[in-house]
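Dear colleague,

I am handing over the structure below for your study. Please look through it first; my notes on what was found follow.

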Amino acid sequence: MPPVPDRLRDAKVSRAQFFRLMGGIAVAAMAPASLAACSTRPETTGAAAGGSGATQLSFVGVADQKTPMDALVAAYKKVAPQVSIGASYAPTDQVQTSLRTQLGAGNAPDLHVVYPGNGSAMSMSQIASAGLLADLSAQAWTKTIPTGFKPAFQQDGKTYIFSAGSSVIGAIYNKKVFQEAGVEAPPTTWTEFLDVCEKIKKAGKTPIALGAQTPWVTQLITYALVPSTVYAKDPTFDDKQLAGQATFAGSGWVQAMEMYLELQKRGFFNDNPNGTTFEQQTSMVATGKAGMAIQVSAVLPDFRKAASGPDDLSMFPVPGADDAAQVWIPAGVVVGLGAGAKSKHLDQATAFIDFLGRQENINAYAKAISAIPLTQDANSTIDPAVESFLPFTKDRAVPFMDQRWPNAEVQPTHFAVVQDLLAGRTSIGDALKKMDEAYKK
Amino acid sequence: MNHLRYGRATFLLELVMIAVAVAFMFPVYALITLSLKNPAQIAEAPLSPPAPPTLDNFAKAWSSAALGPSLMNSTIITVASLVALIALGSFAAYFLARVQTRLGYGLYILFLLGIVLPFQLGTIPLYQLINNLGLIGSPAGMILFYTGVQLPFTVFLYTGFIRALPREYASAAQIDGASHLTAFTRVVFPLLRPITGTVLILNAVFIWNDFFTPLLYLGGSGFETVPVSIFAFVGQYVSDYGLVFAGLVLGALPIVVIFLVLQRYVIKGFSSGLKG
Amino acid sequence: MSVTSRSGSPPTTGTPAGTPAAPAPRRRRAGGRFGAALSPPWLFAAPALLVYALVVLYPSIAGVVYAFTDWSGIGGDMSFVGLANFRTMLGDDQALGSIGNTVLLTIAIVVVQNGVGLLLALGAHARIKSRTVLRVVFFAPVVVSPVMIAFLWKYIYNPDPHAGLNGLLGFFGLPGHDWLGDPSLALWSIAGMVVWQNAGYSMVIFLAGLEGVPVELHEAAMIDGAGTVQRFRFVTWPLLAPALTINLMLSTIGGLKLFDQVFAATNGGPGYATETLSTVLYKQAFVYGKFGYSTAVALVLALFVAAVSFVQIYYLRSREVAQ
């Protein structure tokens, strides 16, 4: 990108002066209100740090992070009693909006949610490229990040995000429904998978619950299939696509979309997937109205909460090929957090991340979200439901596709074209062409 | 439409209106029914009355949202903003309604411009401004924000109302030697009571319900407002309608209760505000 | 999520009936015997002007600058690109398509909300015993956050034949629909949700207008042998003109700027079926990381809203005067 013209820099200086001037006036005008507010306001800034040595760090995260973070923030209080962390959580869209604003205005929270890799406006690459994430490379845990995961954590060899591990995409299924339909074991090839669906359909249940009204759910079936239809044949597809030598429309993506639509054509989805939400999808599988849902393992706790017993549900890899050896799976680093490069309490903020990087805390964080811990020791636990994925994670797993996409427009385009395909409003060729156009922007 | 007596036609109209109201309430019925059910009950018969009803969802929503302190924060921010809006808005409107110059009229149009501007335009510069004032994470920043953002509409309401008031009241007071200030506070402002009611309720509804701004300015500060606390647990992965709906009921309850208690004044405030 | 908008709060007004919201100053000059000499000092408007300039005017003007840059929204990289963002818009199917959706959605909301609001007002104005309760019931959704309403309606609109609206329709033997999932229906479903929340608001404004209609006029018309319809057409309707002006103006601005409800209910989908100018400019800024382009879209939206409001006020006011 071209450098900022000098005139604009000058404009910024004078704007800062203007701010100060206006600030003085406004403070005077608002004095009564400010005073009233201050009297009830806990000290949060530098003044307090100088006095008692206490520091208040702010953390803004997405709602999915609340369970693990609440526990670890409480644990940190025992390790570092002088630091308190004020955390707030909100749905992803809202967090993205408020964080982008804060980052844009140059006043990010000390710690905040970061998505691994690239491909979204809150992803590590996009924020680190803007110079707004603190470099964590000096911390011990960063030395043990498995090689395959490095692109998710690192930009130009420096680590900018902490994440507790990875989750997989596969079929979350209801064991009872499978049993009643006479399914003995989870399928290992695409043909077997279709047979299983057929059996469940004959048993009078919906084989696959699909909540495509919730945008992020639309992508999961493609993501489950593309590792087998694209990456099993060409593990370097991402690099070729980045170099402009490969496209969605001219690759195994076509086949994956055809398989996606075949499931719909054969009546394996619930009616009206575009009007069905993630919540309804969850409930259909958990209560046995549907056999399975193709989902990310991080939502297992939610499915279990909705089920009568947590053991009703398990998970298996979706076999995207007829040769079982050619079945690959998607395994992506879960949403994590980073420290704002311009934080006034940078040392304390990165110290907290270092604390999260201790093995016992990686274990605790991963357990709370059913993730596979980033690094493992004797105390690491792995959710029994995802055990069937472990044989794949070594050399037949690829990160979630968007983590290598060059901009934040491809993923929302994918959401929209899948909805259009399900509604019969576009063709696979046009849909993938649209994704290719977004990719080139 | 017979204004004169309660005849058969009126009775029929009454029945029709009640039927419409019952149908109108259907979403509210669904909301409350679902909030009183556990997931299994919801899956089985979503719309039947809860049997037996459970308050678990409410207990869970209350504790995860930490609503006690949020209610306090929301109240402080809403009340202080309203006081500032009524004070600044009514004074400005008195000037704008009475001034005779083109410049004064231009100023009025300038205020109205604020009603059509999309908020997104100024989001980032405004955030920088509040930050430079040192008001991020403080209720004072929110009060400043709401006062500024809601002023155009407040000024619009007050100006329209004052224009329709006879000038003689204030003039008479001034002949008696009162200053503009005294004439306004003693004579004019009390006459503005109906429109002040309208200003109060409409701004209160907006400020109390606003979610994005407090998330942006107060997130992580310990001063979260009610909607911010409620939506903290209505996350991407929350699949439990009963719990979400209990949260929505809790979040909406304070403002609905205030409306029900004051409904006579609220609706009258509209009517008399409009009649002048 | 009030992700945001002020438009989320139902717009309103309480302008005294018959008083133009923005009359030329001379119209009322004759009103005061003491004229301009008694006009209050500028100081009265100064504090409000200061806060307004600080919080609204200055940031908006400072924000407009971004419309001529390629800023991503974060970081220091930024260069001026002149009118390139506006040229991009001309070839942007998503933005262009959203203009059509915005207009359709606004027309649907304006027509239905005011039609329903007027009927409710006529009903609740009659001598029926339940009128106080009815007014409270119909107005109540106005005070609830639009985001919460959207969450609720997402459930009401779910395609399950046993739940929500379909469950209710099924109870009466009517077929259900995929309200938000069917691309040809979704936009109208959103309009329905907005009308449900704001019809009571239009009703209250019409009610205030109706209360200003003197009973004597109706009595005189009855004596002249006018029926209910004729009395509405020739007595009530002309006198409702100011209330109608306010209602039309506010629902139009609200419709054009509508964001929260669309965003929470469909996020612009399925596909791009409910994408409006507001959701497009939101996505460009916060999802795609194209802040400069987003600001250009916002600017177009602001000009559009201002132009429509101006034409509307001008036309409706002249109609009022004519009557």
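**Domains of chain A**

In this predicted model, 14 residues of domain 1 of chain A are in contact with 13 residues of domain 2 of chain A. On the side of domain 1 of chain A that touches domain 2 of chain A, seven residues are nonpolar, six are polar and one is charged.

**Contact between chains C and A**

Chain C also touches chain A: 35 residues of chain C are in contact with 40 residues of chain A. Two elements of chain C, helix 1 (46-64) and helix 12 (277-287), each give two or more residues to the side that touches chain A. Helix 1 of chain C gives the most, with four residues. Sorted by class, this side of chain C has 19 nonpolar, ten polar and six charged residues.

**Confidence in chain B**

The average pLDDT of chain B is 83, and 89% of its residues score at least 70. Which parts of chain B have the highest and the lowest confidence? Confidence is highest in helix 5 (residues 67-98) of chain B, at a mean of 93, and lowest in helix 9 (residues 168-175) of chain B, at a mean of 70.

With kind regards

Note on methods
Residues numbered from 1 in each chain as written. Chains lettered and ligands numbered in written order. Predicted model: local features only at pLDDT ≥ 70, side-chain atom pairs only at ≥ 80, totals over all residues. Contact = placed C-beta atoms within 7 Å. Nonpolar A, V, L, I, M, F, W, Y, C, P; charged D, E, K, R; others polar. pLDDT = per-residue confidence, 0-100.
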